[in-house]
2 protein chains.
Amino acid sequence: MSEQYLKERDIEFLLYEFLDTEALLQRPRYREHSREVFNATLLTAQAIAEKYFANHYAKGDACEPTFDGDTVTLIPETREAWKAFTDAGFLAAHYDFEEGGMQLPEIILRSAMAYINAANVSSAAYPFLTLGAANLVRSFASTELKERYLPPMMDGRYAGTMALTEPDQGSALADIRTTATPADDGSYRIHGQKMFISGGDQSMTENIVHMVLARIKGAPVGVKGISLFLVPKFIPAADGSEATRNDVQLAGLLHKMGYRNTTSTVLSFGENGGAVGYLVGEAHKGLSYMFQLMNEARIGVGTGAAVLGYRGYQHALQYAKERPQGRLPSNRDPQSRQVSIIQHADVRRMLLMQKSYVEGGLALCFYASSLFEDAHTAESESERQQAATLLDLLTPIVKSWPSKYCLKANDLAIQVLGGSGYIREYPLEQLYRDNRLNPIHEGTEGIQAVDLLGRKVPGNDMAGYKLLVEAIEKTLRECTGNSTLETLADALKNALSQLNGVTENLLGQMIANTDRGLANASLYLDTFGRVVVSWIWLRQAVIASRKLHAETAPSDEEQNFYRGKLQAAHFYIEWELPEIQPQIALLQSGNPVPFEMQEDWF
Amino acid sequence: MSEQYLKERDIEFLLYEFLDTEALLQRPRYREHSREVFNATLLTAQAIAEKYFANHYAKGDACEPTFDGDTVTLIPETREAWKAFTDAGFLAAHYDFEEGGMQLPEIILRSAMAYINAANVSSAAYPFLTLGAANLVRSFASTELKERYLPPMMDGRYAGTMALTEPDQGSALADIRTTATPADDGSYRIHGQKMFISGGDQSMTENIVHMVLARIKGAPVGVKGISLFLVPKFIPAADGSEATRNDVQLAGLLHKMGYRNTTSTVLSFGENGGAVGYLVGEAHKGLSYMFQLMNEARIGVGTGAAVLGYRGYQHALQYAKERPQGRLPSNRDPQSRQVSIIQHADVRRMLLMQKSYVEGGLALCFYASSLFEDAHTAESESERQQAATLLDLLTPIVKSWPSKYCLKANDLAIQVLGGSGYIREYPLEQLYRDNRLNPIHEGTEGIQAVDLLGRKVPGNDMAGYKLLVEAIEKTLRECTGNSTLETLADALKNALSQLNGVTENLLGQMIANTDRGLANASLYLDTFGRVVVSWIWLRQAVIASRKLHAETAPSDEEQNFYRGKLQAAHFYIEWELPEIQPQIALLQSGNPVPFEMQEDWF
């Protein structure tokens, strides 16, 4: 395959220059590994991505899953991809050796998944969801459940799903109506309907394990009465004899704009007496368990959005270098040769904008993965705690910023190609359709905004926010004495000070009137995201500047690489960051125009 | 059909309050008409739209045109729609009575087309293109050609296309390579390939008339050597006997992301000796002729984009009113009733943003149509000239602003529905896919930007720009004495003054260095568009305010209508206009970051 979906040089930069992934080798959990092991893992992922996932990206879109009333059929390549991924052990890569895993760091698994997602995001959803579901079982299920379900979820015999949403309740999890009734054998009988369940049915794995939120009869109302259940499609027999079909039925497939090779399903539980479900963890604590999965999934959504944007950018870049068309405005000679379209200033602007979005987004997500890693394996309890707190604050940004801006990158990539970008003969329109899901699933942008301003920022006495400010200030100090970096740092410093001011003001507005204080939360989310990504770019610029001024001058190719990073940092901080100004003004004044709009006036 | 795609009240407001369409009845050409005739025409269009176009909007997407190597097949509903539209006489509605037309004003024809486009934009493309091609024939072709081709293009026996783009040249029309060789009989033989030709083949009309740009052998290079040819698919026999198949072959269909029921074709001319073509007008003047069609098409693209956004907005609005989900942040009682999602501040923000985009965009396009009308039928030569000059300036905005922001409205509509917005079970994702074409065809956004800053603004000693400034200042004066309107007017006045400053600066930059001065033209286009649309909204606000303060108080329903317009004007001017600030700063400084980005740094 001539097309490189995710350039190794960028991944290497993120892992070993932007982050210090090698330092993980000092931690007890990773002492037996080496940078070579990490790289070999990624090479394997890349090879699988190119051979088994990229090959049916377009086909899975054109020939989406079908349901004949009995069986869901996927194109056969999907199963081959699943098998290649699971046979390579990736479903268990982050498990300890003694659990049968490879004991690899989170960031390496995420990088591996990035290759897979870049190649085919909708076939990648099956392993992605299974990883998440298995993590839930591993963290919270009883030993018995773990012994029964985890091994086949680690080796690819079983797939997993997360079943939260219901037709009438959407994102309002407090209003879940699916019920769980205790049975004599200690299990439960589940009744209800779930909607938009990705991977909710297929026939490529032996079994599907649904992680289902439901309400035990008599439970408290609201989110404090929700429990988590493991509901398998087939109930395995304890003695190894044939499994029994559970009372989970596919009510129908939904037909998405993109992401088509991932089934989206409506599932009926208990239409014939009750689906057998097993309580995971304690009763009524289901939502907090599910949030572990959700938070992991949110980093995954951000990363997925970033790599879709990245792939589109690479395609548009290559096209712009190769496609001759027109002449510069200053050239009035119609007999002169046409220039490649990258020579047109506006095409260059669109490409640089894409670069700032997709490389900024990917760096943000990789940073989030490193925080996840630190939260679990950093040496001291306080380091682990700090990483967890900061990640908690940043999760709404990590989920929503790439979903918004890397989709916009796909939009710009289409625009670079013009008419060719709009037709299915080129991959860009599919990337755009696929990526459009990301601002919706795992919590819409509006939900992330309220989560950020309403909970994550004020929560824990603003501990996360304070850590972020400290981290940004540390980077600002690293810029001292370098005039180029100082200009960028001053812009960020100024923006941070404005963010501090508006944050304080909004928290005050919320005390006076919660609804009104939160009304413009989406603006705050966008402003916050621009400040964070400016910081991410400044950190990359610091590294690039250091490398360019190193005693041993880098090769020409390396110089170009770092100059590109510097230019993208300039672009982001000079073109994108200033857009917070009008937003800050609206937030500071608590502009009430949308809030006061009446239903009857529409 | 319960869904109203384009609300009559909004069209009525635009035609008879925002514009003074009734005043047209004073002009000699329209003296025999009445407001009742106009309204009856629109009712007919609405009925045809709902009965014959809306019925296969989704089907035309799911069952796109196919080509078996011989014939292109469309779903049969397409032909029924074409027939209903043409049988009602719409293809000739704007022609004079003596030409066999209805002598209706442009604005009425455009309003009629708006209903059709809202119902099914891709089936509407066939009549839309035919109207444009026929206008070219009518304006520039010889009497003989007109007599032969115009009647069947007016009654629907023939369809029309515009064939500009070639595979290797894209938007760079100067580099057209299709050739025309004179034949003994005064006609030409056309050789070459055209790409992205919408409606380039189908089997629902008796014939297809391609308006083809080609270069006569020996013509000057560049745009001054391009001529316009009429190339029919079938050459009608002079004696009425069977027509001969011309040497125009369908090389293949292209498969678009949306707009699928409009064929997009690659056409080969002259593979078997030469396609017969007839010169339209004078040799080497083809591009200027084609620009008449192009300018009309650009208003059409803007209007099409606006109505797609409008339809999506209406759908999202209805959904938001009906769908209960969640509670306000201030309500901690999980047992309280859920609210409809329009009660959530962020949903209201997304709806108001859509309203400001789609009603602003539609008003802008209707205003442009009224300028088109004035340019042709205003009483004095100077009025006609002024209207033409102002329309010429505004055309890049009329084409690009709705294409950008009404697509964004579709994006927001999807977001209001969440998961349901993303699936084909609801119409929003199709509207979004269909609308994505509009920033591309008839000149991309980048092309509009260079056209605006490089030609339209400086051209004719800035006559168009000066007229716009005068028109805006007139509206500003109308706001004096009304405190609400004055606040909005002050904001616009300030923005206009900044636009004036940056325009002067950029024209200076362009003299110093054309390429660099034009490098940030897209930013200028966006800034310019925001100022123009703020003015369009202020004009609507002036009317709304006047009606709300009229001696006879309007009905409750009418009050709500005008309050909505006022609130949307506030939203646009308070939330959207200020985004020009950072753009103006970048333009003023001539920020060079994208311009100086090197190809090797990407």
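Me: Let's start with A:Asn117. Is that residue buried or exposed?
Reply: A:Asn117 is buried, because its relative accessible area is 6%, and buried means under 20%. Keep in mind that this is a predicted model.

Me: OK, and which helix is A:Asn117 in?
Reply: You'll find A:Asn117 in helix 5 of chain A, which covers residues 106-119.

Me: What does A:Asn117 touch, if I skip residues up to four places away in sequence?
Reply: With those skipped, A:Asn117 touches A:Ala124, A:Gly304, A:Val307 and A:Leu308.

Me: Zooming out, how many helices and strands does chain A have?
Reply: Chain A comes to 20 helices and 12 strands. Its radius of gyration is 25 Å, close to the 25 Å the globule rule gives for 602 residues, so chain A is as compact as a globular protein of that length.

Me: And what does the C-alpha trace of chain A span along its principal axes?
Reply: The span is about 80 × 60 × 60 Å.

Me: How much of chain A counts as buried?
Reply: 65% of its 602 residues do.

Me: What about contacts in chain A between residues at least 6 apart in sequence?
Reply: Of those contacts, 75% join residues that are at least 24 apart in the sequence.

Me: Charges next. How many positive and negative side chains are in chain A?
Reply: There are 56 positive and 73 negative side chains in chain A. The centres of those two sets lie 3 Å apart.

Me: Through what surface do the copies meet?
Reply: They meet through the same surface, because 100% of the interface residues of chain A are also interface residues in chain B.

Me: Where does A:Lys321 sit?
Reply: A:Lys321 is in helix 8 of chain A, residues 286-322. It is partly exposed, with a relative accessible area of 34%.

Me: Which residues is A:Lys321 in contact with, leaving aside neighbours within four places in sequence?
Reply: A:Lys321 is in contact with A:Ser340 and A:Ile342, plus B:Glu599 from chain B.

Me: And how is A:Lys321 placed relative to A:Leu452?
Reply: Those two are 131 residues apart along the chain, and 41 Å separates their C-alpha atoms.

Me: I clicked on A:Glu442. What's its phi?
Reply: Phi of A:Glu442 is near 60°, which is a positive value in a residue other than glycine. A:Glu442 lies in the loop between helix 12 (428-435) and helix 13 (445-456) of chain A.

Me: Is A:Glu442 buried or exposed?
Reply: A:Glu442 is buried, as its relative accessible area is 17%.

Me: Last one: what about phi for B:Met462?
Reply: B:Met462 has a positive phi of about 60°, although it isn't a glycine. B:Met462 lies in helix 13 of chain B, residues 459-478. With 21% relative accessibility, B:Met462 counts as partly exposed.

How values were computed. Residues numbered from 1 in each chain as written. Chains lettered and ligands numbered in written order. Predicted model: local features only at pLDDT ≥ 70, side-chain atom pairs only at ≥ 80, totals over all residues. Heavy atoms only, no water. Helix = DSSP H or I, 4+ residues; strand = E, 2+ residues; numbered from the N terminus. Rg over C-alpha atoms; globule rule 2.2 N^0.38 Å. Buried < 20%, exposed > 50% of the residue type's maximum accessible area, 1.4 Å probe, protein only. Contact = heavy atoms within 4.5 Å. Lys, Arg positive; Asp, Glu negative; His and termini not counted. Charge placed at Lys NZ, Arg CZ, Asp CG, Glu CD.
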